[in-house]
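Subject: Structure handover

Hello,

Here is the structure for you to take over. My notes on it come after the files.

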Amino acid sequence: MRTSERDDSASMVGRVAAIFDAFTARDDTLGVSELARRTGLAKSTISRIVQELVAYKFLERSGTGVRLGLRLFELGESATRPRDLRKIAIASMSDLRAAVNHTIHLAVLERSEVVYIEILPARGTPPLPSRIGGRMPAYATGVGKALLAWSDPEVAEEVIEGGLVAVGPNTITDPVRLRRELARIRANGIAYEREESAPGVTCAATAIRGANGEPIAALSAAGWVKNLDVRRVGLAVQTAAQTVSRLIARRPGMHF
């Protein structure tokens, strides 16, 4: 699509969303040229929208580029669903980190991606591609595969139809293999990731499920491939997720 076509067809909200989506877990600051390249919008359009977003503190100036601003963080803190999940899960996440000494993630499924709503880093773990509020393709992460495994089959098929592009050295890009992997996760209850989201990174993950078995969120413990025994850690993650699931069941008034 030509830049002019993208500019003509996208609404203002769509353009703003495209700018926010251009930031990945590995980005701190992006310049106008890079934002234009990633979004397909004209530089003049990017410059105009960025100026307004900076004025309202959704973006912040940093050198010659911009970064995500404090206002986005404030809005994220106000969002009911992640706030309630974090409140319920945080004690179990802390206990899990103390038990396994690896970085603990809490994530939810948003269409074909996972969104990280809490991360408790541990000492000595690798710089991970995840960040609070960040997104990753669901099929390339432990938490994502755990959530896909327990979602309606149509959800996983939609992800597959969208294309399985390699993110890490071992990302599953074969639809048949991914379907087999999700079936295994449903049978065993634990999802494992081995350098699928980034080089050198591994994790064990389990879905947090509601009263009817529906996946609400997922927990994972992540670390270096050479230091993390996914089988041993997986049992601890599963126990923590079951604890959070029971806590959620005791709060029927909350909607996830």
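Below is what was found, from the whole chain down to single residues.

This is a predicted model, so local features need pLDDT of at least 70 and side-chain atom pairs count only at pLDDT 80 or more, while totals for chains, interfaces and linings use all residues. Residues are numbered from 1 along each chain as its sequence is written, and side-chain values use heavy atoms, with hydrogens and water left out.

Overall. The average pLDDT (the predictor's confidence in each residue, from 0 to 100) is 88, and 89% of the residues score at least 70. Residues 1–9 fall below 50, and this stretch has 15 contacts in the model beyond near neighbours in sequence; contact means heavy atoms within 4.5 Å. The chain holds ten helices and eight strands. These are DSSP runs numbered from the N terminus (helices H or I, at least four residues; strands E, at least two). Of the 256 residues, 46% are buried; buried means under 20% relative accessible area, exposed over 50% and partly exposed in between (1.4 Å probe, protein chains only).

Sheet. Six strands form an open sheet in the order S5-S4-S3-S8-S7-S6, with antiparallel pairing; two strands pair if DSSP finds at least two bridges between them. S5 (135–137) and S6 (191–194) are at the edges with a single partner strand each, so one side of each has no neighbour in the sheet. On average, neighbouring strands are turned by 30° against each other, direction ignored. S3 (residues 103–110) and S4 (residues 113–120) pair over seven bridges, and Val-108 has Val-115 in S4 as its bridge partner.

Helices. H7 (residues 142–150) packs on the sheet and touches S3, S4, S6, S7 (201–209) and S8 (215–224), its direction making about 150° with that of S8. Axes are lines fitted to C-alpha atoms, for helices over the stretch in contact, and angles run from 0 to 180 degrees between N-to-C directions. The axes of H7 and H9 (residues 175–188) come within 9 Å and cross at roughly 80°. The two helices are therefore roughly perpendicular (65 to 115 degrees). Lys-145, Ala-146, Leu-148, Ala-149 and Trp-150 of H7 meet Glu-181, Leu-182, Ile-185 and Arg-186 of H9.

Backbone. Most residues other than glycine have a negative phi. Arg-111, in the loop between S3 and S4, has a positive phi near 60° and is exposed at 65% relative accessibility. Glu-195, in the loop between S6 and S7, has phi near 55° and is partly exposed at 23%.

Regards

Notes: Angles under 35 degrees count as roughly parallel, over 145 as roughly antiparallel, 65 to 115 as roughly perpendicular and the rest as oblique.
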